[in-house]
Amino acid sequence: MDCKSRSSTCIAPINIAVIKYWGKSDEEQIIPLNDSISITLDTDYMFTKTTATIGPEFTQDSIVLNNEQGSGDGVRFQNCLSEIRKLAASSKHSSTVEKSTWKVAIVSENNFPTKAGLASSASGYACLVFTLAQLYELESHQSELSALARRGSGSACRSLFGGFVRWFHDSQPCIARPIAEAEHWPELRCLVAVVSNTSKSVGSTEGMRRSAETSKLLEHRVKHVVRDRIEDMKMAILEKNFVKFAEITMRDSNQFHAICLDTYPPLFYMNSTSQAIIQLVHRYNQIRRSIKVAYTFDAGPNAVLFLEQAEISRFASVFYSVFGSTPHDQFFRGKVPDLLDPTEDVASLVPEKALKGQVQYTIVCNVGQGPKNIDPTG
Ligand SMILES: Nc1ncnc2c1ncn2[C@@H]1O[C@H](COP(=O)(O)OP(=O)(O)OP(=O)(O)O)[C@@H](O)[C@H]1O
Ligand SMILES: C[C@@](O)(CCOP(=O)(O)OP(=O)(O)O)CC(=O)O
């Protein structure tokens, strides 16, 4: 490395929307049709790690994603880079201004499936923007970086913050802001169930474009549903009202997938295992005589389940009995729960068909913080 070269390494979290973003009013600027609300997951198990290096000797921008060389000239990658360079070029520090003219080499890795509906574009672009800001030593506020990450992928603007986050469709600039910090609801847990780690056939960008062009249900959602739902969800989070939070989360996921079916030609993101998980959650809640678990699905078959700590062992035991086919410490990753003897619950939950092995593994996480610098001196 040239003695003038500099590099920085950071990690960024994924975020899972509980009120979904689906559809844009401006494709180029990535302005959403409606506000959305998400929860940032901890980076103990799932994260993007990005190293950015700049140097006068580099002749072109480059990106290596998950060990595969990319071209570095992708429009969204270049949009993020050029916005960051503009900020660096206007810095009061001459060394930062000089660095803004150098090319950049990015090496990034997601330690979970990419393009599988698990928000890799969110952690990926949040990490890219955050790492470059660290590298250029920008004094930008996190909300400024949120607007830049949005140019890479809409949902990425929410991953700049930890905790509970709202992305405003009509703010100037269009950014996300926290509703509450990660510590606000320490009992909340998230169980990510990986049903399939293969890439989805229609990406979110193309899928939501198609929905915005063809789905009357999406029009109805934007005009008549989502505004009230955002306010209700915000209150449920602030009050830590799990029952209210869970019902809105499930209804919003269901509406999003109804819009996918209402899209022409339709989009099929969930599969029969996803449907079995939905059924299991409803039956479980029925038996428990209250809503104890909520599901949400992004643009893929993988489920994200929310529940409180007091319920985790009981639900995990049932879930494992139905879907698990590997030893429990392999099936559960992250914060591996203790299992109970689930015989009673399972007897009344037995599904019609064998589902063992249909969920590959699960990751149990807490609500987490935003991106962080992991340079030895960072
Ligand atoms: N670590 C990363 N660094 C930079 N870009 C990334 C990174 N990870 C993913 N991406 C970008 O995001 C794209 C995948 O986004 P896509 O929306 O298709 O899937 P997803 O984010 O995993 O799923 P979803 O958004 O539906 O939850 C990749 O093709 C790549 O362009
Ligand atoms: C279903 C979603 O996960 C859609 C995410 O879409 P992206 O942010 O990946 O789309 P682009 O802005 O086109 O890159 C819902 C959500 O995260 O709100």
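## Around ligand 1

Ligand 1 has 21 residues around it, with Ser-108, Ser-120, Ser-121, Gly-124 and Ala-299 the closest; a residue is near a molecule if its C-beta atom, placed from the backbone, lies within 6 Å of it. Two elements, β9 (103-110) and α3 (120-135), each give two or more residues to this shell, and α3 supplies the largest share, five residues. Helices here are DSSP runs of H or I with at least four residues, strands are runs of E with at least two, and both are numbered from the N terminus.

This is a predicted model, where local features need pLDDT of at least 70 and side-chain atom pairs count only at pLDDT 80 or more, while totals for chains, interfaces and linings use all residues. Residues are numbered from 1 along each chain as its sequence is written, while chains are lettered from A and ligands numbered from 1 in the order in which they are written.

By type, the ligand 1 shell splits into seven nonpolar, twelve polar and two charged residues (nonpolar is Ala, Val, Leu, Ile, Met, Phe, Trp, Tyr, Cys and Pro; charged is Asp, Glu, Lys and Arg; the others, Gly among them, are polar). Ligand 1 lies between domain 1 (6-182) and domain 2 (188-366), because both give residues to its shell; the domain bounds come from an automatic or database domain assignment.

## Around ligand 2

Ligand 2 has 15 residues around it, and Ala-17, Tyr-21, Ser-153, Gly-154 and Ser-155 come nearest. Its shell holds six nonpolar, seven polar and two charged residues. Domain 1 and domain 2 both contribute here too, so ligand 2 also lies between them.

## Helix α3

Back to α3: its 16 residues reach 22 Å from first C-alpha to last, close to the expected 22 Å (1.5 Å times one less than the number of residues). Of those 16 residues, 15 are buried, so α3 is largely enclosed by the rest of the structure. Buried means 20 or more other C-beta atoms within 10 Å of the residue's own, exposed means 12 or fewer, and partly exposed is in between, with C-beta atoms placed from the backbone. Glu-137 follows α3 with a positive phi, near 55°.

## Helix α8

Helix α8 (residues 272-287) buries Thr-273, Ser-274, Ala-276, Ile-277, Leu-280, Val-281 and Tyr-284. Seen down the helix axis, these fall within an arc of 155°, so they line one face of α8; the arc is that of the directions from the axis to the C-beta atoms. Ser-272 and Gln-286, on the other side, are exposed. Just after α8, Arg-289 takes a positive phi of about 60°.
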